[in-house]
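Hello,

Here is the structure I promised to pass on to you. Please have a look at it first, and then read my notes below.

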Amino acid sequence: MPANNNLCRLGDITFTISDGITGFDTDSGYDYATIDLATGKPTLQAMGETLSEVSIDIKLRNYAGHDVTGQIEALENMRATGEPQMLVFASGIYQGKYVIRGIWSRIRKTDRTGVVTQADIALRLLEFAERKVISTRKTEAKSSPSKSGRKVSAETY
């Protein structure tokens, strides 16, 4: 059972209500291929679901108890590995595995020594879908009754 103050968890990083999340958007859809016809309007063919995208906006503030540089560093390290991470919403519902597609950050304030004390971050997450083989097709290699007329040149430059 998730803690009551958790908004979401991405891998080992938990975002709580006090972590300054100001926006949480999701986007999902379905792809269609357009098939042009010689006469009349084109038709559509369903191709399947698109990968879900999630955007999370976060305001990190040192005065609110956030480890601004530590949080930014942890997210950048997660992005750099490219490893898919589990995304779990506050309701405890597992959303699937996601990778960090991008991190946008704006430094709002630093202290006298240059340590970041306020930053705004936007995470862009992309669903990681493991490849599943739906069906296998048996193929045969057929020998050609005649040889190809192609000549292969072995010139070296």
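**What I found**

L44 has its place in strand β5, residues 43–49 (helices, H or I with at least four residues, and strands, E with at least two, are DSSP runs numbered from the N terminus). At 60% relative accessibility, L44 counts as exposed (buried means under 20% relative accessible area, exposed over 50%, and partly exposed in between, with a 1.4 Å probe and protein chains only). Together with Y30 and Y32, L44 forms a nonpolar patch on the surface, and the accessible area of the three is about 360 Å². Patches are made of residues with over 30% relative accessible area and no salt bridge, where like charges are joined within 9 Å and nonpolar side chains (Val, Leu, Ile, Met, Phe, Trp, Tyr) within 5 Å. Accessible areas come from the Shrake-Rupley method with a 1.4 Å probe, and for residues only the protein chains shown count as cover.

Before you go further, please keep in mind that this is a predicted model, in which local features need pLDDT of at least 70 and side-chain atom pairs count only at pLDDT 80 or more, while totals for chains, interfaces and linings use all residues. Residues are numbered from 1 along each chain as its sequence is written, and side-chain values use heavy atoms, with hydrogens and water left out.

**The overall picture**

The protein has 1 helix and 9 strands. Along the sequence, they follow the pattern β-β-β-β-β-β-α-β-β-β. Of the 157 residues in the protein, 27% are buried.

**Salt bridges**

How many salt bridges does the structure hold? There are 4, a salt bridge being a side-chain nitrogen of Lys or Arg within 4 Å of a carboxyl oxygen of Asp or Glu.

One of them joins R61 to D120, with the closest N and O atoms 3.0 Å apart. R61 lies in strand β6 (residues 53–61) and D120 in strand β9 (residues 116–127), so this pair ties together parts that are 59 residues apart in sequence. Both R61 and D120 are buried, and the relative accessible area of D120 is 7%.

D120 also meets R108 in a salt bridge, at 2.8 Å from N to O. Since D120 is in strand β9 and R108 in strand β8, the pair ties together parts that are 12 residues apart in sequence. R108 is partly exposed, with a relative accessible area of 45%.

Another salt bridge is found between R79 and E76, whose closest N and O atoms are 2.9 Å apart. These two residues are 3 residues apart in helix α1 (residues 68–81), which means that about one helical turn separates R79 and E76. R79 counts as partly exposed at 35% relative accessibility, and E76 counts as partly exposed at 26%.

**The largest pocket**

Which residues line the largest pocket? They are S28, G29, E49, T50, L51, S52, E127, A129 and E130. This lining divides into 2 nonpolar, 4 polar and 3 charged residues (Ala, Val, Leu, Ile, Met, Phe, Trp, Tyr, Cys and Pro count as nonpolar, Asp, Glu, Lys and Arg as charged, and the others, Gly among them, as polar). The volume of the largest pocket is about 160 Å³. On a 1 Å grid over the protein atoms alone, a pocket is an open set of points with protein on both sides within 12 Å along at least five of seven lines, and lining residues have an atom within 4 Å of a point.

**Two pairs to look up**

V116 is in strand β9 and counts as buried at 17% relative accessibility. V116 and V68 are 48 residues apart in sequence, and their C-alpha atoms are 6.6 Å apart in space.

I93 is in the loop between β7 (85–89) and β8 (94–110).

Best wishes

Terms used
1 Å grid on protein atoms, 1.4 Å probe; cavity = no way out; pocket = protein on both sides within 12 Å on 5 of 7 lines; lining within 4 Å. Points joined across faces, edges and corners; volume = space filled by probe spheres on them.
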